[in-house]
Amino acid sequence: MKLTILEKKTFIAMMAASFFYGFVMTSFQVQDIIAKKALHALDWQITILVMLWPISNIFSIWWGKILEHSHSLAKYYILTGIVGRLSLIIMLFVTDYYQYLGLMILLFSFNAFISPAQNAILQNNITPKNRGNIFGYTASFITLVSVIFSFVIGRILDINENWFRYFFAIVGLFGLVHAIIMSRIQLKKNHNSDRAFISFKHIFYKPIVRSLEVLKKNKEFAIFQRNFFIYGIAFMMLLPAIPKYLVEYLQMDYSQTFLAKGILSQIGILFLAPIAGRLFDKKNPALFTSLTFLLLSLYPLILMISSFFIGTSSANYIVYLAFFIYSLAMSGIVISWNISSICFAGEEDVSMFQSVHVSLTGLRGVFAPFLGLVIMKVFGIRAVFILAFGLFVFASILSFKLYLKMDDKKWKIPQLWKANIRKIFPFN
């Protein structure tokens, strides 16, 4: 990559911070498995736990509005590091599910700040030709750390599962270091931002008004978010089903579940995120996302197939294949989820665009995991896998339809090639 001095400084800082964020990412990947096995959480308790991340994202629109009025991210990163990360040291004294849940609420609530803040850095400090590439390298490095840590902690918990408390204490300390490093990055805003004072009164309703304004003004962004919303419903329906399936149906131990959820589910991101980032920089975001949704649809399909082999040695290997396919698809979705908003924001401040995107994650998180739980209880776990497969495919089709309608010149797509595609797929 040919980087400017500012890009080099930003990239080095982000890579250094990524090492410590890899430990935090591990906690996101396995916190439901730990609750299921070490604290014997019930199905409905697991459902509440997996809802914390998406529901907490609703607060992202407030973070986005704050960032629109700020030229500095430092104090917000420090606040996140202390309250949302360092607080995990209290996990050393946790003895039941509800105490565990309380600390997870803190962890995920402040995580809603991370994505819009990161987008602000990428938009203002990194040129468009390098954004996907740089994000891909940081995502890959985060995943490398997470994969190694997942392997180690899985083996340790097989020896003594009560040591999960020390695992979270380490995550809390390293999460604080991540926040401190990111707070040192100086934000160089390249566009006009609203620096006017925002009152405490206005901060409650202005983000909602601004969010609706963004969606109404930018139709392509609104349609893109609709498609992501459908994908997200399928993704979150699976969340309460996965730990139950791995622990109760397949009776996997810590090493096996962490191999699936902590290692194989991220291996594609580890090796392919930089490549996916380069492809993203050159492709229409709707087309890129459509292809990743389609690949991801194989994940619940293969899980459903594995359910016919329960009780045999083949079941685990089929599940491992499903998580490997998942990781390949997620190498693209991680890129699309985190930086597509920059493409649609144009010259506007991306903070609010990404906050709308993240907050919609929270909106579907209010009902999608419970929908998955109800379907699992009433129709069985296979029904969850089948419905998720159908929704992933549907989201892929709608994203491809959006791609065919988007401005060719804006995205540098050959007109003749795209016209030929329209003949094959005659969307209105």
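K244 counts as buried, at 12% relative accessibility. Buried means under 20% relative accessible area, exposed means over 50%, and partly exposed lies in between, with a 1.4 Å probe and protein chains only. The model is predicted: local features need pLDDT of at least 70, side-chain atom pairs count only at pLDDT 80 or more, and totals for chains, interfaces and linings use all residues. Residues are numbered from 1 along each chain as its sequence is written, and side-chain values use heavy atoms, with hydrogens and water left out.

Stay with K244. Its side chain meets that of E248 in a salt bridge, at 2.6 Å from N to O. A salt bridge here is a side-chain nitrogen of Lys or Arg within 4 Å of a carboxyl oxygen of Asp or Glu. Side chains of opposite charge can pair when their charged atoms come close. E248 and K244 are four residues apart in helix α11, so about one helical turn separates them. Helices are DSSP runs of H or I with at least four residues, strands are runs of E with at least two, and both are numbered from the N terminus. E248 counts as partly exposed, at 39% relative accessibility.

Where does the chain of charges go next? K36 also forms a salt bridge with E248, and their closest N and O atoms are 2.9 Å apart. K36 lies in helix α1 and E248 in helix α11 (residues 241-249), so this pair ties together parts that are 212 residues apart in sequence. K36 is buried, with a relative accessible area of 8%. K36 has another partner, D43: their side chains meet in a salt bridge of 2.9 Å, N to O. Both D43 and K36 are buried. Now put the pieces together. K36, D43, K244, E248 and K377 are linked in a network of salt bridges. A search of the whole structure finds six salt bridges.

Charges can also meet rings. The rule is that NZ of Lys or CZ of Arg lies within 6 Å of the ring centre and within 35 degrees of the ring normal. K37 lies over the face of Y254, at 5.1 Å from the ring centre. The charged end of R382 sits over the ring of F308, 3.9 Å from its centre.

Next, rings with rings. A pair of aromatic rings is described by the distance of the centres and the angle of the planes. Rings of Phe, Tyr and Trp (its six-membered ring) pair if their centres lie within 6.5 Å; planes under 30 degrees apart count as stacked, over 60 as edge-to-face, and the rest as tilted. The whole structure holds 32 aromatic pairs. Take F19 and F141. Their ring centres are 6.4 Å apart and their planes are at 35 degrees, so the pair is tilted. F19 lies in helix α1 (residues 5-37) and F141 in helix α7 (residues 128-159), so the pair ties together parts that are 122 residues apart in sequence. F19 is partly exposed, with a relative accessible area of 32%. F141 counts as partly exposed too, at 25%.

Compare F400 and Y403. Their ring centres are 5.6 Å apart and their planes are at 50 degrees, so this pair is tilted. The two residues are three apart in helix α18 (residues 381-405), and about one helical turn separates them. F400 and Y403 are buried. F19 and F141 also belong to one aromatic cluster, whose members include F20, F23, Y100 and F149.

Now look at L122, in helix α6 (residues 114-125). Is L122 buried or exposed? At 0% relative accessibility, L122 counts as buried. Beyond its neighbours within four places in sequence, L122 is in contact with M14, R131, F135, I339 and I342. Contact means heavy atoms within 4.5 Å. The C-alpha atoms of L122 and T10 are separated by 8.8 Å, although these residues are 112 apart along the chain.

S183 sits in helix α8 (residues 164-183). S183 counts as buried, at 13% relative accessibility. Leaving out residues up to four places away in sequence, S183 touches A74, Y77 and I78.

I90, L92, F93, I159, W163 and Y166 make a nonpolar surface patch of about 690 Å². Patches are made of residues with over 30% relative accessible area and no salt bridge; like charges are joined within 9 Å, and nonpolar side chains (Val, Leu, Ile, Met, Phe, Trp, Tyr) within 5 Å. Accessible areas come from the Shrake-Rupley method with a 1.4 Å probe, and for residues only the protein chains shown count as cover. L92 is in the loop between α4 (74-83) and α5 (97-111). L92 is partly exposed, with a relative accessible area of 34%.
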